[in-house]
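Biologist: I am new to this one. Please put it on screen, and I will ask as we go.

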Amino acid sequence: MGLNYLVSLGHYVPELIVCITMFSLILIEAAHDKDATSKPLIGLTSFIGLISAFVILVLNLSKPGLSIFTNSIVIDSFGTFAKIIMVLGTLGAIYIAEQSSDIYQKLKSEFSIMAMGVLVGGMLLTSANNMLLLYIGLETLSILSYVMATLKKNNERSGEAGLKYSLYGGISAGIMLFGMSHVFGVLGTINFSEMATMIPNLTSDQMLILIPSFLLFFVGLGYKIACVPFHMWSPDVYEGSPIPVTAFFAIVPKIAGMAVIARLTMLLFNNDSLLSVSWIGALSVMAALTMTVGNISAIGQRSVKRMLAYSSIGHAGVMLLGIVVVSEIGLRSLLFYAFTYLFMTLVAFYIVSFVNDTYGNDHFDRFSGLIYKHPIMTISMIIVMFSLAGIPPLSGFVAKFNIFSAVVAKKYYVLAIIAGINSVISLYYYMKIIRLMVFKTSESENMILGLTLRNQLIIGALTVPVVTLGVFWEKIIGVAEQATLLIQ
Amino acid sequence: MITLSSYLMISLALFLSGLVVMISRKNIIAILLGIELILNAAALNFVAYTRFVNDNIEGHIMSLFIIVIAAAEAAVGLGIVIRFFQMRESIHIDDAAQLQS
């Protein structure tokens, strides 16, 4: 027994590295002088920790799946790929936080510490194989997120964002637990792989309890990925939080939630029972609603950050389509979509962060005439906006195309049409910002602050995958192809 | 005679009253109390199902963890409420309306 746990720990190295990095960050933070203005060691430590976790995850990618810790955690290449995306997202968000002045200088180290904590929660969520670990992972993710949203602690908007996040989060976690308790009562186990063997042959009485219970269960997960009708918190929280935190929220919790929903769907609802049909039906309705509401609400926004929040709701809807099809192709296209979404989001938020630092807000007007001042940055922004809208030959197009082809292969034509219409709607508001940047003249002569050569290089480097993944996408699809789910 | 259904009725009542509290009360502290009611309903369900139906300890462990995590969540929630109160001098949920555009 004890030896088993030691062996299991050996498969759990990336998470352990992130944990150790978090604790050493706390110690380094404590060792610093209270009024120290810069803490270079914090950035270095988090960078080293995340890079080593990334390297080990990449090495683990081709290993066969296995379940550890007495079958409560599953390590498989699907989860590992999702973890890689999350680690890269955290790395990008921490770098934005180092550069941005939207977070108080004194609290930058706290941002890194809490981002690590959220990352641990997300990794746990991604590989959870029973309801207990799912709940613990979700709450580790959530509780630290509430604090991160309030990080700008003298700012009323940030405080309000944290308040709304924690109230909505508490409610949805409670509803999810209530659903879980009935699932446990009917099926008699909290382990997902044991549930999977029972679900195909249920009596109709059990089915009657399980269908609403699983829908209540979904509330907690749907809230994390901000899918309609549980999205109400998302625009407010995204707008109120500091920009690096918003960038972080748009990537890590979203990918973690997607991964856990994909795992549940593939494991439990990969059959023809009434329960599976209703779960998939509910998911498809929510995916369609999420895309439509997200994209239509994004049109009228004045703040770019809020626009990006609504557009990320729309993207969550498209990613849900990859889950709805319940197939290996769907999972593969979901992972590819998440991978491209990571780079596009990082670049967009990076540029919004600099504009916000210069002008004090991020309204659309602040972007006008940007191309005459900072051509490289503006071209990156244009590429990213085209890619988010799904214009060929950029990576956003390939990602959307993969998901659409998986949906069409399943003959869900209505969903494919809705997704296509939404793509067109999203083009409108992405074009609006491009039009402002290129064809309007700027209202002030001020240059954007903080755009050093290094930052321009990093923006350029992050834009390169957005373009190249659109052309050479077979490589990453090949990697994602190995990323299968372990189903026992 | 106390049976499973009595426990389930009580937990359902707790759940519904929690929902009603969250929807109807405007005081943020009261909303946090409503969240606690919902979490307790779930914990009670886990214990009752373990006692009457499934003879394993998983449900007990689940309810213990629910208690612990609910405490952590309440602590963070109250901290955020205190911060909000220091800035606005109010714990009325309608005062948290700056972010709607």
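Biologist: What percentage of the 101 residues of chain B count as buried?

Modeller: This is a predicted model, where local features need pLDDT of at least 70, side-chain atom pairs count only at pLDDT 80 or more, and totals for chains, interfaces and linings use all residues. Residues are numbered from 1 along each chain as its sequence is written, while chains are lettered from A and ligands numbered from 1 in the order in which they are written. Buried means 20 or more other C-beta atoms within 10 Å of the residue's own, exposed means 12 or fewer, partly exposed is in between, and C-beta atoms are placed from the backbone. For chain B, the buried share is 35%.

Biologist: Which pattern does chain B follow along the sequence?

Modeller: Helices are DSSP runs of H or I with at least four residues, strands are runs of E with at least two, and both are numbered from the N terminus. Chain B has three helices and zero strands. Its pattern reads α-α-α.

Biologist: Where in chain A is E156(A) found?

Modeller: E156(A) has 17 C-beta neighbours inside 10 Å, so it counts as partly exposed. E156(A) sits in helix α7, residues 156-187.

Biologist: Which residues does E156(A) touch, not counting those up to four places away in sequence?

Modeller: Contact means C-beta atoms, placed from the backbone, within 7 Å. By that test, E156(A) touches M87(B), R88(B) and Q98(B).

Technical notes:
Two residues are in contact if their C-beta atoms, placed from the backbone, lie within 7 Å.
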